[in-house]
Amino acid sequence: QVQLVESGGGLVQAGGSLRLSCAASGRTFSTYTMGWFRQAPGKEREFVSAINWGVTYYTDSVKGRFTISRDSAKNTVYLQMNSLKPEDTAVYYCAVGRGLYDSVNGYNYWGQGTQVTVSS
């Protein structure tokens, strides 16, 4: 049974940092894209970042502030978030799939989400 478990969310002041982790279990995902999405209240789930075969992708609003990385041996993906802004407040989800990296439809497996709240 595939399971993705996120951790590392929390409350932080604007300008602060958080590091999200997502540990995958149930199978090896070395050939899959691992990504991060977020969903703010009343908004659709949106792409944040993804990594596949060492290539990284970011949505424009987080470029230069967020860094995605992956430890294939641990089947884990990380999202280092620096210079956080109140507009980064959302539930963050990790996902694994083989489709389009920036589309929710490109992912087959999803974590339960972790809340990130950035206060001004």
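Student: Which pattern does the chain follow when read along the sequence?

Tutor: The pattern is β-β-β-β-β-β-β-β-β-β-β, with zero helices and eleven strands. Helices (H or I, at least four residues) and strands (E, at least two) are DSSP runs, numbered from the N terminus. Before we go on, please note that this is a predicted model, in which local features need pLDDT of at least 70, side-chain atom pairs count only at pLDDT 80 or more, and totals for chains, interfaces and linings use all residues. Residues are numbered from 1 along each chain as its sequence is written, and side-chain values use heavy atoms, leaving out hydrogens and water.

Student: How do I read strand pairing, and how many bridges join β4 to β9?

Tutor: Two strands pair if DSSP finds at least two bridges between them. Seven bridges join β4 to β9, and these strands run antiparallel. Thr33, for example, stands opposite Gly97 in β9. β9 also pairs with β11 in the antiparallel sense, over three bridges, and there Val91 has Gln115 as its bridge partner. Strand β10 (residues 109-110) is joined to β9 by two bridges, again antiparallel, with Ala95 opposite Trp110.

Student: Is β9 mostly covered or mostly open?

Tutor: For this we use relative accessible area: buried means under 20%, exposed over 50%, and partly exposed in between (1.4 Å probe, protein chains only). β9 is mostly covered, as seven of its eight residues are buried. Over the chain, buried residues make up 42% of the 120 residues.

Student: What is a nonpolar core, and which residues touch the most other members of the largest one?

Tutor: In soluble globular proteins, nonpolar side chains tend to be buried together. A nonpolar core is a set of buried Ala, Val, Leu, Ile, Met, Phe, Trp, Tyr and Cys residues joined through side-chain atoms within 4.5 Å. The largest one here has 25 residues, and Trp36, Phe66, Leu79, Met81 and Tyr92 touch the most other members. Strands β3 (18-25), β4, β5 (46-52), β7 (66-71), β8 (76-81), β9 (90-97) and β11 (114-119) each supply at least two residues of this core. A second, separate core has five residues, including Phe37, Ala50, Ala95 and Tyr107.

Student: What about loops? Where is Trp53 found?

Tutor: Trp53 sits in the loop between β5 and β6 (55-58). Its phi is near 50 degrees, a positive value in a residue other than glycine. Asn75, in the loop between β7 and β8, has a positive phi too, near 55 degrees.
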